[in-house]
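Student: I would like to learn how to read the strands and sheets of a model. Could you take me through it?

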Amino acid sequence: MTIDTFQTIGQLQSSPVIRRHPANPLVAPKDVAYGPAMVFNAGVTKYEGKYVMVFRNDYGNAAKETIEPHNTTNLGLAYSDDGVSWQVQNAPCWSWNDEEVIRVYDPRLTVIEGRCYMCFAVDTKHGLRGGIAVTEDFNSFEVLSLSVPDNRNMVLFPERIGGKYVRLERPFPVYSRGGIDRFDMWLSDSPDLAYWGGSKLVLGVEQVPFANDKVGPGAPPLKTEKGWLTSFHAVDLDPSRGKNGWETSWKKRYTAGIMLLDLEDPSRIVGMAKSPLLAPEAFYETSGGFRNNVIFPGGMILEDSGEVKVYYGAADTVECLATAHVDDLVQLCLEGR
């Protein structure tokens with residue numbers, strides 16, 4: 001299968017049930033004292049009475065559209081009382097670069113039984129791996145597990161299911177998929193967060209009408225009466241797209257989808273919206289970024305009022321927020337059955 005066999009996907013629109021926050025972008029490079037060129041793909045949760053955001057920093061020169069080597073990437077930290085106005089800390093909270101590890105990035109935060117866990121991607125000299133760490137203060141992180149290459153985009157469910165920890169993930173089976181991007185969402189479980197198995201396919205690219213390239217986890221799922229409300233990223237590739245950002249050529253578009261997974265067997269899809277929850281439309285999503293036309297959901301918080309806060313990276317450059325009511329999101333999924 002070659003790139004020429006991909007069926008291109010036309011114009012996409014966000015669902016009418018979700019609204020971008022007027023304060024967007026919530027966190028941008030200008031808000032960070034130590035000078036990254038890009039601030040995006042954050043994990044967000046509520047922990048010990050505060051909203052907490054751990055975000056990815058990449059460095060370079062936005063005016064000249066250049067980036068520094070990958071080993072400069074690190075993670076930043078911010079706190080909020082309302083989930084909208086953020087106090088960014090004056091120094092990164094974690095970086096990892098040694099004789100084997102090049103960088104850590106793309107954090108996802110989940111509180112399980114009162115402890116905060118962070119999934120992350122880690123580039124190493126022998127492949128891209130997915131990791132899980134635990135932290136109590138967001139200044140030190142104890143790494144509990146690292147996958148074999150190639151796996152990433154891991155997110156943890158916020159409670160054990162059937163006595164086991166469960167995660168969603170996106171492996172990179174390039175060889176077995178004909179040497180092209182055709183990446184799907186999988187699920188694995190663990191008795192202890194260190195040893196993982198029981199892997200099952202959850203969502204294939206071919207099941208998503210607005211993807212032709214890859215799908216994978218977004219934010220950690222939220223528990224509802226109808227199922228686990230689960231965001232995912234969906235990617236479509238169009239060879240005719242131009243530069244679309246700082247990169248020489250960026251031909252992909254990332255959108256956010258939404259689905260419900262069964263409460264007792266989260267490898268089973270209960271319902272899925274057949275069109276994107278969020279598609280790139282706002283100026284901070286479609287222009288001026290490192291990679292334009294990118295929306296990547298990394299955090300979802302369900303408030304007591306029923307409001308769901310969806311945090312997402314935009315154009316691989318800034319961190320943003322959109323909101324919807326949980327009942328509307330659930331109905332959107334069920335209508336797609």
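Predicted model: local features only at pLDDT ≥ 70, side-chain atom pairs only at ≥ 80, totals over all residues.

Student: Which order do the strands S12, S13, S14 and S15 take in their open sheet?

Tutor: Helices (H or I, at least four residues) and strands (E, at least two) are DSSP runs, numbered from the N terminus, and two strands pair if DSSP finds at least two bridges between them. Here the order is S12-S13-S14-S15, with antiparallel pairing. Strand S12 (151-156) and strand S15 (197-203) each have a single partner strand, so one side of each is left without a neighbour in the sheet.

Student: How many bridges join S12 and S13?

Tutor: S12 and S13 (residues 165-171) pair over 4 bridges, and Asn151 has Pro171 in S13 as its bridge partner.

Student: Which strands stand at the edges of the other sheet?

Tutor: That open sheet runs S1-S23-S22-S21, again with antiparallel pairing, and its edge strands are S1 (19-20) and S21 (295-302). S1 pairs with S23 (residues 318-325) over 2 bridges, where Arg20 is partnered with Ala322.

Student: Where does helix H2 lie?

Tutor: Axes are lines fitted to C-alpha atoms, for helices over the stretch in contact (heavy atoms within 4.5 Å), and angles run from 0 to 180 degrees between N-to-C directions. Helix H2 (residues 326-335) lies across S21, S22 (307-314) and S23, at about 85 degrees to S23.

Note on methods. Residues numbered from 1 in each chain as written. Heavy atoms only, no water.
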